Amino acid sequence: MRQPGSRRASLSASLKLGEQRGCGRTPWEEEVQIPFAQESLVKQWSSMQNMTERKQEKSKAPLQRNKFLLNINVGGKLFQIAYSVVARYPITRLGKLALYTDPTKKLQLCDDYSVQKNEYFFDRDPSIFHYIFHFYRSGVLWIMDEMCPSNFVEEIEYWGIHLKYSQRCCRILFEEKQDELSEYLKIQRELEAELEPLDSGKQFEGRVLGRFRKTIWNLIENPYSSVAAKIIAVMSSIFVLVSIVGMTLSTVEEMKHKTGKVWMEQLEMICAIFFTSEYLMRLISSSSFKNFLRAAFNAVDLVAILPFYIQILFESLDEGDTLYHEELHKMENVGKLGKVLKLIKLMRIFRILKLARHSTGLRAFRFTMRQCYQQVCCLFLFIAMGVFTFSALMHSVEHDVPGTNFTSIPYAWWWAAVSLSTVGYGDTVPDTVLGRMVAFGCISFGIILNGMPISILYNKFSDYYAKLKAHEDEICHSLKLSRRLRLKERLLRKLSECCRDEPRRQH
């Protein structure tokens, strides 16, 4: 009677898989030949045996270990793979696990080991390990689009597999996605740093006058902390606008007489006093003097108040012939000192930058310019190239025309700059047909050039503005919620104190 051979490794018992040369294979050859998709499904089974008797014998017999298979438990899911397969990659974690003979070194590679099951346990993500398992069987690392790049990189680094084993097309797309994610996280961190104040309330603990400085800090730096802080923030914006309006009106001819000049000087003095007190309060409440000087907004505050005191210093040096000084360009006795003072007074225009401290739009614009400085510099480079190119072309076709304004290339720079910006003042125009063709080319190039970065800058500005506004609304909501909770606590405390006092009064 013919002895029954081993069953074929297929899902269907009647399915023929070529010639039956696998009947006399060793267990190692059988494991290698099993397809990857069927490995977890195929189980050895003999129709000649009784299943109930087999279960009884299995419960009584000791556990049979397969020395050709590596049992791996990843996050509760069991995987089996031949030692010879993982040994082909000796630098990976499983390759070292298959090649090491020292049990101590093997235990250092895994999280736990079951002696009874001969099973190595790894506390990792089993869904990603499917791709690691497929890599050992096929030699190719597959990358899916729905995977998180940082999580996938962390997993393959743990298993000791390099990204070079993946297909080139998948690797390029994955690296692009990874760069986008890194850039997104970087922008998120910078946005959070933009919203975070220079100091925090916790930094005042244990310092000299910590509670007093914290109170001042909340009034000046945190407008959402209380009603008084919000009033101070509104007053700061109003004083900035008033000082700018006053500086503008001081140049009007009707305001240059003595009465108007007195009013303007008094208005400037009031604004300077307010800005000085605000700057000193920020300086007192700062936890670090070095960080205070490095902050950009504090530098703007200093520039906003310096012109007033420098003007007083210069005017004290020129103790006058008259009670009221004339305007700087009319002062004959000041000379060069008057020109310097005029320039210093012009620095008051930078006070408008103080609005960026409490304006989300201005902060979003500043953040957009800082993030898109490469695109902005590239735009200026293209503008400079266009100006030089079209001014040289216009000079070459118009310099022979009698009475032309394009007598040299530098004289044509203004025309090229105005035409590229599509403003077109019309003060300088070409006369020849070739000159008009060059002008048409310059205007067309300017339209294309101006349209390229607008969409990029606008999209990023709107995105940054929405994120800053959402973060500010979240902070405002959390502060309002905390104030309500504190109010409820105070009411409950007062109510409990009143309930305790009533029995005492009755006694």
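Aromatic pairs in a predicted model

Modeller: In this predicted model, F79 and F129 are both buried.

Biologist: How many aromatic pairs does a search of the whole structure find?

Modeller: The search gives 23 aromatic pairs. One of them joins F79 and F129, with 4.8 Å centre to centre and 70 degrees between the planes, an edge-to-face arrangement.

Biologist: Which parts of the chain does that pair link?

Modeller: The pair links distant parts: F79 is in strand β2 (residues 77-82) and F129 in helix α6 (residues 126-138), 50 residues apart. F79 and F129 also belong to one aromatic cluster, together with F122, F133, Y158 and W159.

Biologist: Why is the pair of F135 and Y165 tilted?

Modeller: Planes over 60 degrees apart count as edge-to-face and those under 30 as stacked, with the rest tilted. The planes of F135 and Y165 are at 55 degrees, so this pair is tilted; the ring centres are 5.0 Å apart. Because F135 lies in helix α6 and Y165 in the loop between α7 (149-158) and α8 (168-195), the pair ties together parts that are 30 residues apart in sequence.

Biologist: Is F135 buried or exposed, and what does Y165 count as?

Modeller: F135 has 0% relative accessibility and therefore counts as buried. Y165, at 25% relative accessibility, counts as partly exposed.

Biologist: Which residue lies over the face of Y165?

Modeller: K164 does, at 5.7 Å from the ring centre. A charge over a ring has to be within 6 Å of the ring centre. Another case is K105, which lies over the face of Y100 at 5.6 Å from the ring centre.

Key. Residues numbered from 1 in each chain as written. Predicted model: local features only at pLDDT ≥ 70, side-chain atom pairs only at ≥ 80, totals over all residues. Heavy atoms only, no water. Phe/Tyr/Trp six-rings, centres within 6.5 Å; stacked < 30°, edge-to-face > 60°. Helix = DSSP H or I, 4+ residues; strand = E, 2+ residues; numbered from the N terminus. Buried < 20%, exposed > 50% of the residue type's maximum accessible area, 1.4 Å probe, protein only. Lys NZ or Arg CZ within 6 Å of the ring centre and 35° of its normal.
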